[in-house]
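Subject: Structure handover and notes

Hello,

Here is the structure I said I would pass on. Please open it alongside this message.

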Amino acid sequence: MQSWRAAEVVLPATAILAGIECRLPTPQALRLPIGVSRPAVTAVPLFVARPAVERFLFSGQAAAPPPSRPPVRPLTAAPSPAAEASPAAVGPAVRRRTRIAPPRDVVKRSERFFFLLQPDLETILETSRLEFPRQPFPFQFDGMAFLVPRHAAVLADEMGLGKSMQAISSLRLLIRSGEARRVLVVCPKGLVSNWARELADWAPELVVAVIEGDQRRRQWQWSLPDVPVKLANYEVVVRDRDLVAEMGLEFDLVVLDEAQRIKNRDSQTSQSVRALRRGRSWALTGTPVENSADDIVGLFEFVAPGHLNGRMSPRELGAAAADHVLRRTKDKVLKDMPPRLNRDERIELTAEQRETYRQAEEEGVLRLSGLGQQATIQHVFELVLRLKQICNFDTATGESAKLDRLEAELEEIHASGKKSLVFSQWVATLGRLRERLARFGAIEYHGGMSTVARDECLHRFKNDSRHGVLLLSYGAGAVGLNLQFSQYVFLFDRWWNPAVEDQAINRAHRIGAAGAVTVTRYLSVDTIEERIDEVLRSKRDLSDTILSQAEPPASGGLTAEEIFALFRLSPPRRAAA
Amino acid sequence: MVGAMAISTQQHVENAYGFLTTVDSPSHGLFGGYLIVDLEGRPLEFHCTAPVRVSRAQQILYGATLHGHLHGRQIGGTLLAEGSVVPRLVLTDQEPLLQARSHTHLPLALVTASRDQEQAGPTAGAGFSLGGLTVVPHTTDRADETVLREHLEGLIQAVDLNEPFERIRAAIDEAQRH
């Protein structure tokens, strides 16, 4: 018998063959995959949220007086004046939603989802029933959304935009959600009472302990177990560094105000704050780059150790720091902010001042030239300071072209009932100004005064209409104070870098300012002050460069060459190195 | 009875609400996302599917029924069975997902902007207004409309009913990128 496979045989259906056994294979069923298989499902586990913390009690501290806090009030957000003015803004259809986005260093998928799936910040605040004394601005919500998810953050908003308010509101949220139970806020000594007030304003439900007094008292305060926020100044942190370490204290969050204080990583202050055991590190500073790129490297030694280093170019620094730094400037975020009007007043020295100045400069330059290779930057600084003092007051006669101009301008300001701030780098200058400006009720505010005296001074200036002029030193008065009821700022003499001057100006030009703020900077014509002004302009460029991640200009901070060049001198070889 | 099977392993949380949606990615396929939130809109659970791609043969063979089958049974039904927290009800912003109601015991309703609801469609003219939106329960649940409205009136104090869908889309977008 012969067999053929079906493929080899083509038989017409009607043909009948005799004697041939033919077997056709059974046709196979054609199976079409029509079922759509069920997709795999990924369950994403979310964090189990800690219970909300609403009240804090002292426990196990028999000798400790319980801190008195007002009972928690029913909390609702205060209405925004902007919302009242534009009713369309309050409807749900146009309601602003600020999302909390996961930071770039959060890589685990479940953690990224945790942030993405949260309600918007405005909803979180409403449902948490957290009260605000004033409605935050939209950019301040953005600031909170930036801080809350971050373990390492620098809030570098321009002075006057409410960095402390944003930090307080953010730490408040963390405490409410249970993500933080122990927070330490560190600030300059002169701002402790300011911070205590702001915490009472923006987080009234939080118990706050100020670390101060003698060692025994401070030790007890550090040890308080159920106080969510502790407030200390930098000097206390330095002094109690070993004590805090011995006590094994750990903080879920440490916030540094005016964090440029730690830009020098070798300083005791920087080392002491870096020694604090902490989960999150936030730094608040309006001047993350004051003099050189090393400033921000020093800052990051606290915020995110090892993340930046001094070998990086400004562009690399900017790129590496980008996800950790948030900076806004007034012109970008506060379109409705009252304007700041800048006036550079060029003042001709009096004849006597001019002669005194000329002699001092000639003698000083001659002396520097005579020192040759022995000349140091210190010698130059001494000459610069001497000449600047002459620009303020003639050392021989006491004449002052600047003061004559200032007095004339204050006459009109005082008559209109407005208040003015006058800054100088010398306390002695403030004293002389106070004598001459007594009829305007001028009072002084500087670092040589006690904290109580300074608070009293501010209270009088704010509340007593007889005091129309506040005389401040840059050191004490440029940092953190809220003086937004002053509409005139005078820089009697200039500081070494524009950042500190901006801080001074922003005591008045800040959120809450009632009207335009006029800033007058006095510059003595054809003197060292004009030459310094040129250098200050170039330093402002450096700060903008790093923060905008652009390429830098050739020169960075105030180099030795630049300092000597103020007198058209070349630096000695060793000073230039 | 997928829903009944799931109940024994599920937990009851007072005031939980489900939000169900899909995202069609041209490069990956159709994703499904299911978010369960509490009364304050905080997330309790989130589930998302791997992308579903259909072949050309399937498109042809299913024809007009494909859309509903994919959304209703394959994605919607699968997701609603996965949740371990039992919500009071589930909201969706896509009408085809209403077909998931056949595969779950959970009340299901469509959320639309009021102006969209005025247009023609199976849900036209049905439902109730709430918070500037229209909520249209599945026909199975229309008898319980009053109860559903009461549940939702508590939720809308804190949550815009459209907003959780944005979160799901953001999460799915994140899932595609990583």
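Below is what was found in it, starting with confidence and ending with single residues.

**Confidence**

This is a predicted model. The predictor gives the complex an ipTM of 0.86 and a pTM of 0.64. For chain A the average pLDDT is 79, and 76% of the residues score at least 70. Two stretches of chain A need care. Over residues 1-6 of chain A the pLDDT is below 50, and beyond near neighbours in sequence this stretch has four contacts in the model. Residues 13-17 of chain A also stay under 50, with one contact beyond four places in sequence.

Chain B averages a pLDDT of 83, with 85% of the residues at 70 or above. Where pLDDT is low, the predicted coordinates should not be read in detail.

**The two chains**

Chain A contains 23 helices and 14 strands. It has 577 residues, of which 40% are buried. Of the contacts in chain A with a separation of 6 or more, 74% are between residues 24 or more positions apart.

Chain B has 178 residues, and 44% of them count as buried. Its secondary structure comes to six helices and nine strands. In chain B, residues 24 or more positions apart account for 61% of the contacts with a separation of 6 or more.

**Where the chains meet**

The contact between the chains takes 23 residues from chain A and 31 residues from chain B. On the chain A side, strand E1 (41-44), helix H2 (109-116) and helix H3 (121-127) each supply at least two residues. By type, the chain A side divides into 15 nonpolar, four polar and four charged residues.

**Cores of chain A**

The largest nonpolar core has 69 residues, and the members that touch the most others are A:Val183, A:Val186, A:Val255 and A:Leu256. Helix H5 (residues 163-177) of chain A gives the most to this core, with seven residues. Leaving out residues up to four places away in sequence, A:Val255 touches A:Ala167, A:Leu171, A:Val183, A:Val185, A:Trp282 and A:Leu284. A second, separate core has 48 residues, among them A:Leu349, A:Phe461, A:Leu472 and A:Val519. In soluble globular proteins, nonpolar side chains tend to be buried together.

**Helix H4**

Helix H4 (residues 138-147) of chain A is largely enclosed by the rest of the structure, because seven of its ten residues are buried. The buried ones are A:Gln140, A:Phe141, A:Gly143, A:Met144, A:Ala145, A:Phe146 and A:Leu147. Their cover includes H3, strand E2 (152-155), H5, strand E7 (277-284) and strand E8 (325-326) of chain A.

**A helix pair**

Helix H14 (residues 351-371) and helix H15 (residues 377-392) of chain A pack at an angle of about 175°, with their axes 10 Å apart. H14(A) is therefore roughly antiparallel to H15(A). From H14(A), the contact uses residues including A:Gln353, A:Tyr357, A:Ala360, A:Gly364 and A:Leu368. From H15(A), A:His379, A:Leu383, A:Arg386 and A:Ile390 are among those that take part. The residues of this contact divide into eight nonpolar, four polar and two charged.

A:Leu406 lies in helix H16 (residues 401-415) of chain A. Is A:Leu406 buried or exposed? It has 23 C-beta neighbours inside 10 Å, and a residue with 20 or more is buried, so A:Leu406 counts as buried. Beyond residues up to four places away in sequence, A:Leu406 touches A:Phe490 and A:Phe492. A:Leu406 and A:Val422 are 16 residues apart in sequence, and their C-alpha atoms are 9.3 Å apart in space.

A:Gly310 sits in the loop between helix H11 (294-303) and helix H12 (314-321) of chain A. With 11 C-beta neighbours inside 10 Å, A:Gly310 counts as exposed. A:Gly310 touches A:Asp294 and A:Val297, again not counting residues up to four places away in sequence. Its C-alpha atom is separated by 8.9 Å from that of A:Gly298, twelve residues away along the chain.

Regards

Definitions and conventions
Residues numbered from 1 in each chain as written. Chains lettered and ligands numbered in written order. Predicted model: local features only at pLDDT ≥ 70, side-chain atom pairs only at ≥ 80, totals over all residues. Core = buried A, V, L, I, M, F, W, Y, C linked by C-beta atoms within 7 Å. Buried ≥ 20, exposed ≤ 12 C-beta atoms within 10 Å, placed from the backbone. Helix = DSSP H or I, 4+ residues; strand = E, 2+ residues; numbered from the N terminus. Contact = placed C-beta atoms within 7 Å. Axes fitted to C-alpha atoms, helices over the stretch in contact; angles between N-to-C directions. Parallel < 35°, antiparallel > 145°, perpendicular 65-115°, else oblique. Nonpolar A, V, L, I, M, F, W, Y, C, P; charged D, E, K, R; others polar. pLDDT = per-residue confidence, 0-100.
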